[in-house]
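Let's take a walk through this model together, one stop at a time. Have the sequence and the 3D view open as you read.

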Amino acid sequence: MTKSHPLNYTSESVASSKDYFALMKPRVMSLVVFTAFTGMILAPGNIHPLIAFVAILCITIGAGSAAAINMWYDRDIDAIMKRTQKRPIITGAVKPEEALSFGIITGVLSIIMMALCVNIISSALLSFTILYYIYIYTMWIKRSSVQNVVIGGVSGALPPMIGWAAVTGDVSWQSFSLFAIIFIWTPPHSWALALFRSDDYKKCGVPMMPIIKGALYTKKQIMFYSVLMFFVSLVPYFLNISSKLYIITAVVFGLVFLGYAAILFKDNEQNQLAKKLFWYSILYLFIIFFSLIAFKL
């Protein structure tokens, strides 16, 4: 059970554009946009620069809309967790109903714009991504299953497929390989965060793996997914969308990732090594997708 927490907004509160931008989780959104852009660059065929811009804009707005609704729904637990207490709804900068309205309006607009200006397939994928993140992850799985980040990872892994579909109008094994990298990357990334933020998750009752299964079991799962991710990251090369330089990069940085996962077993109670893995995992994903662009065939 979560604890109640008084929000600080008043009837005179007026949200700024900066507050609404914060609702869209810009740091998370930047990775979403970058991976979607990668899918667009790697896709065979051509796309007009203006249509490409509109597609990226729609993906950006769509991701932001889902984040805003997530903040609206999770405001009770966000008020408890230290890392989320500065979010605009908790500080009182944006009222909950305003955040919900903002999320719904921007989400609907992004889907319609994608359908009208790009194509139906990319719009359908964007719609599925938004709805999955809101209904499957935020409202259902996050608070009910220890596998929340695994199941919820589907929505975060779809952007490169959306970018690919914006160019080709379809999906393929190549685009699915990009999805798979992010999907398998998400558990070790999220569980590393959960290890050094376990007190926060325990206070608000979110069943993250370190709390339910313990730290040692979580570290074993991180290692399992890290090994799996190492091999999945090589697939784009064998599907002929990247060169040998990419596979060299993926091997080198994948081995470093495995090294971080391995030393977790020597981590202390403060889980400082888990924090290092968490930050490295973000760098790793950026490097992998940047390398896909830089060393594409």
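Our first stop is Asn240, found in the loop between α14 (235-238) and α15 (244-263). Helices here are DSSP runs of H or I of at least four residues, and strands are runs of E of at least two, numbered from the N terminus. A word on the ground rules: this is a predicted model, in which local features need pLDDT of at least 70 and side-chain atom pairs count only at pLDDT 80 or more, while totals for chains, interfaces and linings use all residues. Residues are numbered from 1 along each chain as its sequence is written, and side-chain values use heavy atoms, with hydrogens and water left out.

What is the phi of Asn240? The angle is near 65°, a positive value in a residue other than glycine. As background, most residues other than glycine have a negative phi. Asn240 is exposed, with a relative accessible area of 58%. (Exposed means over 50% relative accessible area, buried under 20%, and partly exposed in between, using a 1.4 Å probe and protein chains only.) Lys25 also has a positive phi, near 50°. Lys25 sits in the loop between α1 (17-23) and α2 (26-42), and with a relative accessibility of 14% this lysine counts as buried.

Now let's look at charged pairs. Side chains of opposite charge can pair when their charged atoms come close. How many salt bridges does a search of the whole structure find? The search finds four, where a salt bridge is a side-chain nitrogen of Lys or Arg within 4 Å of a carboxyl oxygen of Asp or Glu. One of these joins Lys142 and Asp74, whose closest N and O atoms are 2.6 Å apart. The two residues come from distant parts of the chain, 68 residues apart: Lys142 is in the loop between α7 (120-141) and α8 (148-157), and Asp74 is in the loop between α3 (49-73) and α4 (75-78). Both Lys142 and Asp74 are buried, and the relative accessible area of Asp74 is 0%.

Asp74 has another partner as well: its side chain meets that of Arg143 in a salt bridge, at 2.9 Å from N to O. Because Asp74 is in the loop between α3 and α4 and Arg143 is in the loop between α7 and α8, the pair ties together parts that are 69 residues apart in sequence. Arg143 counts as partly exposed, at 29% relative accessibility.

Arg143 also forms a salt bridge with Asp76, and here the closest N and O atoms are 2.9 Å apart. Asp76 lies in helix α4 and Arg143 in the loop between α7 and α8, so this pair connects parts that are 67 residues apart in sequence. Asp76 is partly exposed, with 24% relative accessibility. Through shared partners, the salt bridges join Asp74, Asp76, Lys142 and Arg143 into one network.

Two packed helices are described by the angle between their axes and the distance between the axes. Helices α7 and α8 pack at about 160°, with axes 7 Å apart; the axes are lines fitted to C-alpha atoms over the stretch in contact, and angles run from 0 to 180 degrees between N-to-C directions. The two helices are therefore roughly antiparallel to each other, a label given to angles over 145 degrees. On the α7 side, the residues that meet α8 include Phe128, Tyr132 and Ile136, and on the α8 side they include Ile151 and Val154. By class, this contact has eight nonpolar, four polar and no charged residues. (Ala, Val, Leu, Ile, Met, Phe, Trp, Tyr, Cys and Pro count as nonpolar, Asp, Glu, Lys and Arg as charged, and the others, Gly among them, as polar.)

Our last stop is Lys219, in helix α13 (residues 215-232). Is this lysine buried or exposed? At 8% relative accessibility, Lys219 counts as buried. Beyond its neighbours within four places in sequence, Lys219 is in contact with Leu195, Leu264, Phe265, Asp267 and Asn271, contact meaning heavy atoms within 4.5 Å. Leu264 is 45 residues away from Lys219 in sequence, yet their C-alpha atoms are 6.6 Å apart in space.

Technical notes
Parallel < 35°, antiparallel > 145°, perpendicular 65-115°, else oblique.
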